[in-house]
Amino acid sequence: MDDHATAPRRTAPLAPKADKDTVRRHNLSLVLRAVYDESALSRAGAAARTGLTRAAVSSLADQLIRGGFLTESGKSFSGQAGRPGTMLTPARSGPAGVGVEINVDYVAVCVMDLAGTDRVRLTEYLDNRSEPPTAVLGRAARIAARALDSAAEQSLHPVGVELALPGLVSGGAVRQAPNLGWKAVDAEDLFRAALREVRPNSRAPEVTSDNEANLAALAELWFGRPERRVGHFLYLSGEIGVGGAVVVGGELLRGAHGFAGEIGHTPVDPEGPECRCGSRGCLEQYAGQLALLRAAGIDADAGAAGVLELEHRARADDESALGALADAGRSLGIALSGAVNLLDPQAVVLGGIYRTLLPWLAPAVDGELSRRAVSGLWPPESRRVRASSLAGDAARGAAARVVRRIVADPLAYE
């Protein structure tokens with residue numbers, strides 16, 4: 001007999017058997033997620049969605065109501081005989097999430113409740129390039145503290161803050177943010193310390209972080225218009241820098257080190273102008289906010305007012321404005337064509353300043369993609385280049401990330 005035929009297989013040790021508490025914890029998340037996804041659901045509907053018995057759902061729902069995650073109100077009429085059921089809805093008080101977007105020329109804060117509703121929005125326009133990281137993160141913490149105080153007045157208790165940061169973000173730190181001049185900045189630790197200093201007598205929420213374009217792409221995925229929602233898309237955020245993210249199958253594509261999507265530093269012309277990242281001819285040097293304003297003859301330091309002026313001039317058919325936008329669109333199309341050929345997305349979504357400038361950018365972007373996409377699936381005027389929704393911003397995506405963590409494990413936030 002062949003000894004190998006009877007040799008036992010060597011396999012990885014099995015995970016320990018789930019005990020009753022583990023199963024209940026999982027089922028609490030199932031019920032909360034079902035209600036969160038539907039916005040309102042009867043207990044019978046939750047049972048049908050989760051596959052749990054009605055008795056189990058009733059017990060779990062009661063626990064979620066006591067914990068402040070769900071409320072029960074209204075009546076649900078099924079059209080069948082019997083008493084109408086009450087509706088479970090995500091609580092509009094209690095646990096909440098906070099998103100803090102720190103960008104080159106502004107800080108934005110969003111507080112979101114478990115229903116996915118923005119309850120507090122604050123934005124301050126600041127030149128963060130002129131300050132060291134400690135000052136910028138301290139300033140952001142002070143704005144966030146005001147938002148937290150406002151949330152408390154609405155009976156909300158934020159349990160987490162997600163930072164939306166430009167550049168390469170990993171392990172709680174900004175590895176490199178060329179447009180801010182940051183390298184190896186421990187952003188989470190600095191923000192956490194600054195928030196404790198501003199609110200010394202308050203319980204500090206958990207602090208996490210991610211790239212701002214990633215979080216804006218998630219906001220687009222989760223809150224974009226349903227009729228235009230797709231699971232495979234490239235997202236570009238046009239600001240002073242050009243951020244990017246890739247969504248594949250409804251999930252972020254992160255890459256080996258978490259840095260996937262940095263399309264702003266894709267070279268458009270290897271011999272082009274020097275970029276802050278140290279390379280030359282990057283997309284940002286042709287389609288970033290500063291480059292666009294300069295090309296149109298508008299003060300590059302005018303910020304949001306300069307972008308608004310560019311839009312007004314484009315609407316008035318100003319030749320300099322139209323030429324600057326067409327050139328930027330061609331550069332965007334050239335950079336995007338490589339990504340489209342590599343990743344085969346359903347759409348390209350343009351956010352940030354590109355959202356309002358899309359009517360003048362899209363023809364050149366589509367033209368380059370039509371010429372360069374090898375699949376032949378990008379015909380002229382395909383309308384696969386589209387503007388992000390108003391809901392698709394990084395602060396909102398960051399707050400929603402925290403809310404989804406609560407939904408995934410409500411017991412961790414009781």
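Student: At what angle do helix α5 and helix α6 pack, and how far apart are their axes?

Tutor: This is a predicted model, in which local features need pLDDT of at least 70, side-chain atom pairs count only at pLDDT 80 or more, and totals for chains, interfaces and linings use all residues. Residues are numbered from 1 along each chain as its sequence is written, and side-chain values use heavy atoms, with hydrogens and water left out. Helix α5 (residues 133-153) packs against helix α6 (residues 187-198) at about 50°, and their axes are 8 Å apart. Helices (H or I, at least four residues) and strands (E, at least two) are DSSP runs, numbered from the N terminus. Axes are lines fitted to C-alpha atoms, for helices over the stretch in contact, and angles run from 0 to 180 degrees between N-to-C directions.

Student: Why is α5 called oblique to α6?

Tutor: Angles under 35 degrees count as roughly parallel, over 145 as roughly antiparallel, 65 to 115 as roughly perpendicular, and the rest as oblique. The angle here is about 50°, and therefore α5 is oblique to α6.

Student: Which residues of α6 make the contact with α5?

Tutor: On the α6 side they are A187, L190, F191, A194, L195 and V198; contact means heavy atoms within 4.5 Å. The residues of the contact of α5 with α6 divide into 12 nonpolar, two polar and one charged. Ala, Val, Leu, Ile, Met, Phe, Trp, Tyr, Cys and Pro count as nonpolar, Asp, Glu, Lys and Arg as charged, and the others, Gly among them, as polar.

Student: How do you know whether S389 is buried or exposed?

Tutor: Buried means under 20% relative accessible area, exposed over 50%, and partly exposed in between (1.4 Å probe, protein chains only). S389 has a value of 13%, so S389 is buried. This residue lies in the loop between β16 (385-387) and α13 (394-408). Leaving aside neighbours within four places in sequence, S389 is in contact with E220, F223, G224, R225 and R355.

Student: What makes strand β11 largely enclosed by the rest of the structure?

Tutor: Five of the six residues of β11 (residues 206-211) are buried, so the strand is largely enclosed.

Student: How many bridges join β7 and β11?

Tutor: Two strands pair if DSSP finds at least two bridges between them. Strand β7 (residues 156-165) and β11 have six, in the parallel sense. L165 has N211 in β11 as its bridge partner.
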